[in-house]
Amino acid sequence: MKLNLLSCDAQRPDRRAIAKCIEAISAGVDESLSNELTGLLLEGDAVDIEVGDKNSGSALGALRKLKIDYDIIE
């Protein structure tokens, strides 16, 4: 499943938690790339990630918990 992460609506976003979440749910994303994607997301840019099918339900829940707005592409 592909997701387009649009924005983070948290009043005080936890940069480290968001980076760890992106690293955990995304296929082929390491720590440095997840930190870079987190920076882009918090600056207001949309970020596309690929989520494995086995992680899809828990991934969406984790994103909602972090107040990340997303669109499902596929």
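Author: Contact, as the word is used here, means heavy atoms within 4.5 Å of each other. The model under discussion is a predicted one. What covers the buried residues of helix α3 includes β1, α1 (15–25) and β3.

Reader: How do you know how confident the predictor is in this chain?

Author: The pLDDT is the predictor's confidence in each residue, from 0 to 100. The chain averages 91, and 99% of the residues score at least 70. Confidence is lowest in α3, with a mean of 89, and highest in α2, at 95.

Reader: Which residues of α3 are buried, and what makes them line one face of the helix?

Author: Helix α3 covers residues 56–65, and its buried residues are Ser56, Ala59, Leu60 and Leu63. Seen down the axis of α3, these residues fall within an arc of 95°, and therefore they line one face. The face turned away from the buried side of α3 carries the exposed residues Gly57, Ser58 and Lys65. Just after α3, lysine 67 takes a positive phi of about 60°.

Reader: What makes the buried residues of α1 line one face of that helix?

Author: In α1, the buried residues are Ile18, Ala19, Cys21, Ile22 and Ile25. Seen down the axis of α1, they fall within an arc of 160°, so they line one face. Arg16, Lys20 and Ala24 are exposed on the face of α1 turned away from its buried side. The cover over the buried residues of α1 includes β1, α2, β2, α3 and β3. Helix α1 also lies across β1, β2 and β3, and runs at about 40° to β2.

Reader: How do you know that β1 and β2 pair?

Author: Two strands pair if at least two bridges are found between them. Strand β1 (residues 2–8) and strand β2 (residues 47–50) have 4 bridges, in the antiparallel sense. The count meets the requirement, and therefore the two strands are called paired. Within this pairing, asparagine 4 stands opposite aspartate 48 in β2.

Reader: What joins β1 to β3?

Author: Strand β1 is joined to β3 (residues 68–72) by 5 bridges, and the two run antiparallel.

Reader: Why are β2 and β3 called edge strands?

Author: The 3 strands form an open sheet in the order β2-β1-β3, with antiparallel pairing. Strands β2 and β3 each pair on one side only, and they are the edge strands. Neighbouring strands of this sheet are turned by 35° against each other on average, direction ignored.

Reader: Why is asparagine 4 called buried?

Author: A residue is called buried when its relative accessible area is under 20%. Asparagine 4 has a value of 17%, and therefore it is buried. This residue lies in strand β1. Leaving aside its neighbours within four places in sequence, asparagine 4 is in contact with Ala46, Val47, Asp48, Asp69, Tyr70, Asp71 and Ile73.

Reader: Which residues have the most contacts inside the largest nonpolar core?

Author: They are Leu3, Leu5, Ile49, Leu63 and Ile68, in a core of 20 residues. The elements giving two or more residues to this core are β1, α1, α2 (31–43), β2, α3 and β3. Helix α1 gives the most, with 4 residues. As for isoleucine 68, residues up to four places away in sequence are not counted, and those it touches are Leu5, Ser7, Cys8, Ile18, Leu41 and Leu63.

Notes: Residues numbered from 1 in each chain as written. Predicted model: local features only at pLDDT ≥ 70, side-chain atom pairs only at ≥ 80, totals over all residues. Heavy atoms only, no water. Buried < 20%, exposed > 50% of the residue type's maximum accessible area, 1.4 Å probe, protein only. Arc of directions from axis to C-beta. Axes fitted to C-alpha atoms, helices over the stretch in contact; angles between N-to-C directions. Core = buried A, V, L, I, M, F, W, Y, C linked by side-chain atoms within 4.5 Å.
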